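Let's take a walk through this fold together.

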Amino acid sequence: MQPRNSRPNSSALRGAVDLAAVKAAGEAAQKAEQARAERARQAAAAEEDGVAPVGADYPLVIDVTEDTFETEVVQRSTEVPVVIDFWAEWCGPCKQLSPILERLAEEYAGRIVLAKIDVDSNQLIAQQFGIQGIPAVMAVVAGQLVPLFQGAENEANVRKVLDQLILVAEQRFGIVGGAGLPGGAESAEAPGRPEDPALAAAHDALDRGDLGGAVQAYENVLAEQPGNTEAKLGLAQAELLRRVEGLDLQAVRAAAAADPKNVEVQLQAADLDLVGGHVEDAFGRLVNTVGRTFGEERNAVRVRLLELFEVIGTEDPRVTAARQALARVLF
């Protein structure tokens, strides 16, 4: 696993308050790497001392309350994807879905942890997550919210969603759960290889807020390595940040609301939505704009939407949903 699997962090991303905001990705991934390194160190020390290794020995299914949410969900998500099952005793569909989630959590043997939250007893958490109906299933990975699905699903569909979640956690955040594995062995495997100096220079430029330098540096990496996913993600982020420099959030949103047919202002508003962490709003705005436009304007909006997909990461469920919505508009 490479030591930097996610989009690079940038101090230039301001005002992102949502768990899914772009800025959090790099920071959360770094914390996850530190947590895994510490677990590996503890396991090695325990082995040298001839005692039972320190592994991720927490339970795979846990009941979470408002008091334990920070520890059991947010902090634990730096080690393993935490799937949240929002349920209530009176909810019939919950009684169908919860046993499926619990069974799969045990079957996945530590690749995920299932956190069960009773919405009647923990109304504040339900409000903060915007839960409108139950059952609702979300996940937190490296401190970031990942919406999964709402309503009862059969086991086959749930399995597909969890498989995709695990893939995102590994590829984008470098998180491989180790609960239920002897000594957390999986998390202590294979040390990361050194980072490409050219890619490191591009990351540093982005972190410094040197957006022009970052764009050029990422383009240089891609000229040599056209398939470098991390460089593509970094370039998309740097270009996004450069586009929103100097834009007035309130003025752009007001203009976008006043003139839905103005493509340029809709593109600006979508960029600002994404930087602010409003991912679904950004995608929905551009999908709707594609539906209202034709010819070159339509293509320009479509291309911008694809660029924003790169910023978030093409494995993200929100990107998958937006791709489907885009296809319906186009075809």
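This is a predicted model: local features need pLDDT of at least 70, side-chain atom pairs count only at pLDDT 80 or more; totals for chains, interfaces and linings use all residues.

Residues are numbered from 1 along each chain as its sequence is written, and side-chain values use heavy atoms, with hydrogens and water left out.

Start with the largest nonpolar core, which has 44 residues. A nonpolar core here is a set of buried Ala, Val, Leu, Ile, Met, Phe, Trp, Tyr and Cys residues joined through side-chain atoms within 4.5 Å; buried means under 20% relative accessible area, exposed over 50%, and partly exposed in between (1.4 Å probe, protein chains only). Tyr218, Leu274 and Phe283 have the most contacts inside this core. Helices that each supply at least two of its residues include α6 (197-208), α10 (263-275) and α13 (317-330), and α10 gives the largest share, 8 residues. Helices (H or I, at least four residues) and strands (E, at least two) are DSSP runs, numbered from the N terminus. A second, separate core has 25 residues, among them Val73 and Cys91.

Now look at α11 and α13, which pack at about 10° with their axes 9 Å apart. Axes are lines fitted to C-alpha atoms, for helices over the stretch in contact, and angles run from 0 to 180 degrees between N-to-C directions. The two helices are therefore roughly parallel: that label covers angles under 35 degrees, with over 145 roughly antiparallel, 65 to 115 roughly perpendicular and the rest oblique. Their contact (heavy atoms within 4.5 Å) includes Phe283 of α11 and Leu326 of α13.

Over at α3 (residues 92-107) and α5 (residues 155-173), the axes come within 10 Å and cross at roughly 50°, so this pair is oblique. Leu97 and Arg103 of α3 are among the contact residues, as are Val158 and Arg159 of α5.

Finally, the backbone. Ile134 and Pro135 are joined by a cis peptide bond, with omega about 0°, and Pro135 sits in the loop between α4 (123-128) and β4 (136-141). Ala109 has a positive phi of about 50° despite not being a glycine, and Ala142 has a positive phi of about 50° too. Is Ala142 buried or exposed? At 3% relative accessibility, Ala142 counts as buried, while Ala109 is partly exposed at 30%.
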